[in-house]
Amino acid sequence: MAAGDRYGFTFIRTELEDDDVLLVTLDRPERRNAITPEMHDELAPLFQRIAHDREVRVVILTGAGDKAFCAGADFGGMSDNIGSYEDGFPELMLGSAALVRAQLAIPQPMIAAINGDAIGLGATMALFCDIPLMASEARLADPHVNAGLVAGDGGAILWPMLMGLNRGKEFLLTGDLMGSEEAERLGLVNHVYPRAQLLDEARTFARRLAAGPQVAIQFNKRLANAELVERVNRVIDASLAMEAITFTTADHREAVRSFLEKRPPRFGG
C-alpha cells in the first residue's frame, strides 16, 4: 500500500485529494491496467467502500500510465481456464453482477478520466461513470465478440442505451475500436481533451461538483440513473449467463489459442 493510500487495495490506488475528491487509479500499467481475477475481486469492495465514505464528494476514475485506462480482462490468463468450466462458471453470476451493481449503487458522482484505451470491462466501467471525459489519443471498444464471448458484463446494456440500438449493435457485433472524436459525436463521452490536460480538466470538473449542494446532486444522479438501474436489473443476469455459455464454446477456445499463437482466429461456430 502506497503512503497516503486511502483504502489499501493491491491493484487500485485511492487518494483523497483537496475538496473531498477521491482519485481512483487502476494500477497495473505494465499490463495496460488489464484486470486479473485478483484485481477483479477488489473492484466491488472498492465501490462499496466509496459508497459508504462520507468524506468523499466526487470520484475520479482513471488508469495508471499513458497507454491505457484499462485493457479489459488480462487475456493471456484465459488459456489457464480452457476446459475448466465443468461447473458452469458460476462466478460470473456472482462477482461480475456484484461489480456492476456496486458501481451503480455509488451515490456520489463519478468522473471517468479515460487517459488511454478503454476496452471490454474497462470501457464498461468508464461508461457506467456519470461524466466520462476522454483523452483525444484514447480509444473505446467492447471486443468480447472477437474472443467468441457475449458482452455480458454490461456492454450489451450500455452501448445500445447510450448511442441508439442499431449503432450499439454494430459495435457489439464487430468489436471495432472507436476513436475519441467518434465517441464524443455518438454521445458515449461528454468531452475530449489532449491527454496532458485530461486529469486537470477532470479535477476542475470534480471540484465544481464537490462545491455544489450534495443532496441535490446525488438525488439528481439517482433519478437520472433510474432507467439504467432498471435495465441492469432486467438484463444483467441473462447477459452473464449467456457469457458463461460462450466461455465453453469451441469459438472461444479458438480465440484464446489464436491470441497466444499470434494468428487470426478461424471461427467455426
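**Figure 1. The open sheet of six strands.** In this predicted model, six strands form an open sheet in the order E1-E2-E3-E5-E7-E10, with mixed pairing. Strands (E, at least two residues) and helices (H or I, at least four residues) are DSSP runs, numbered from the N terminus, and two strands pair if DSSP finds at least two bridges between them. Strand E1 (12–17) and strand E10 (191–193) are the edge strands, each pairing on one side only. On average, neighbouring strands of this sheet are turned by 20 degrees against each other, direction ignored; axes are lines fitted to C-alpha atoms, for helices over the stretch in contact, and angles run from 0 to 180 degrees between N-to-C directions. The model is a predicted one, in which local features need pLDDT of at least 70 and side-chain atom pairs count only at pLDDT 80 or more, whereas totals for chains, interfaces and linings use all residues. Residues are numbered from 1 along each chain as its sequence is written, and side-chain values use heavy atoms, with hydrogens and water left out.

**Figure 2. Strands E7 and E10, with helix H7 on the sheet.** Strand E7 (residues 131–135) and E10 run parallel and are joined by three bridges. Met 134 has Val 192 in E10 as its bridge partner. Helix H7 (residues 195–210) packs on the sheet and touches E1, strand E2 (21–26), strand E3 (58–63), strand E5 (110–114), E7 and E10; contact means heavy atoms within 4.5 Å. The direction of H7 makes about 175 degrees with that of E5.

Figure 3. H1 has 15 residues and reaches 22 Å from its first C-alpha to its last, close to the 21 Å expected at 1.5 Å a residue (1.5 Å times one less than the number of residues). Its buried residues (under 20% relative accessible area, 1.4 Å probe, protein chains only) include His 40, Glu 42 and Phe 47. A nonpolar core is a set of buried Ala, Val, Leu, Ile, Met, Phe, Trp, Tyr and Cys residues joined through side-chain atoms within 4.5 Å. In the largest one, of 76 residues, Ile 114, Met 125, Leu 140 and Trp 159 touch the most other members. H1 gives the most to this core, with seven residues.

**Figure 4. Two residues with positive phi.** Arg 32, a residue other than glycine, has a positive phi near 55 degrees and is found in the loop between E2 and helix H1 (37–51). Arg 32 counts as partly exposed because its relative accessibility is 31%, between the limits of 20% and 50%. Lys 262, also not a glycine, has a positive phi of about 55 degrees and is found in the segment after helix H10 (250–261). Lys 262 counts as exposed (over 50%) because its relative accessibility is 77%.
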